[in-house]
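Okay, thanks for having me, everyone. Let me put the structure up and walk you through it.

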Amino acid sequence: MKILFVITSAPLGTWLAEVTRPFWHLSERGHDITFASPAGGKIIWDRLSDPATDGSFEADDLVSKGFLSDSALVARLGNTTRLADIDPAQFDAIHVAGGTGAAVDLYPNADLARLFEHFWATGKVVGTICHGSIALANNPDRVAGRTATGFTLAEDIQAESIYGPKFIPFYPQPVMEEAGIAFVHVEPQGVRVVVDGRLVTGQNQQSASEYALVFQQLLTGKRPVLVA
């Protein structure tokens, strides 16, 4: 199946694990993945998500280390397709990655709203994680009344100690709640994945692997674990 990965173009950057872990879980199961971003071309990632950076929050992230060691994969992040040039009919599902930049250029975003409308209207899988979940608010008529998660206000307030006060124009939780979403979460940095129909959302980077596996199950209808 073909999956569209949407990544921020904003200078604040993408959180690598929210790209690399879903990419690993989904690509190894044979899915064809296309990277797209609002501006197209090269995207950057948050330095704190790079395992090689001093003080990285992801120093032990073997998946991101493996991704970054592959020059062909890194080159793909240097040549993303513009959202405006994407034909959503060519894809079976959409995944929106996070990173603080997502709250800068993925909402409000008319191109992303157009893409989402197709996925909602055709009953395809929609997935978002962390700050990327703010993108759901581009289509309030489609998400009002749904249950979802994303980077919480408490987590953003903690992040202010690193990035500074009001480091992004919108925080996901209040924007999502204003769009009518029933926002659920666990404690900061806790793991939470929420499924509502064909929508799957993850709270933060700590949830990336669990989110990707649930995404795979929604996409294929197959659950590999059987509890007797």
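Let's start with the contacts: of those in the protein chain between residues at least 6 apart in sequence, 74% join residues at least 24 apart, a contact being heavy atoms within 4.5 Å. Bear in mind that this is a predicted model, where local features need pLDDT of at least 70, side-chain atom pairs count only at pLDDT 80 or more, and totals for chains, interfaces and linings use all residues. Residues are numbered from 1 along each chain as its sequence is written, and side-chain values use heavy atoms, with hydrogens and water left out.

On to secondary structure. The protein chain has 9 helices and 9 strands; these are DSSP runs numbered from the N terminus, helices being H or I with at least four residues and strands E with at least two. The radius of gyration is 16 Å, close to the 17 Å from the globule rule for 228 residues, so the chain is as compact as a globular protein of that length. That radius is over C-alpha atoms, and the rule is 2.2 Å times the number of residues to the power 0.38.

Now the sheet. It is open and mixed, with 7 strands in the order E3-E2-E1-E4-E5-E9-E8; strands pair if DSSP finds at least two bridges between them. At the edges sit E3 (81–82) and E8 (193–196), each pairing on one side only. E8 runs antiparallel to E9 (residues 199–202), joined by 4 bridges, and Val193 stands opposite Gly202 in E9.
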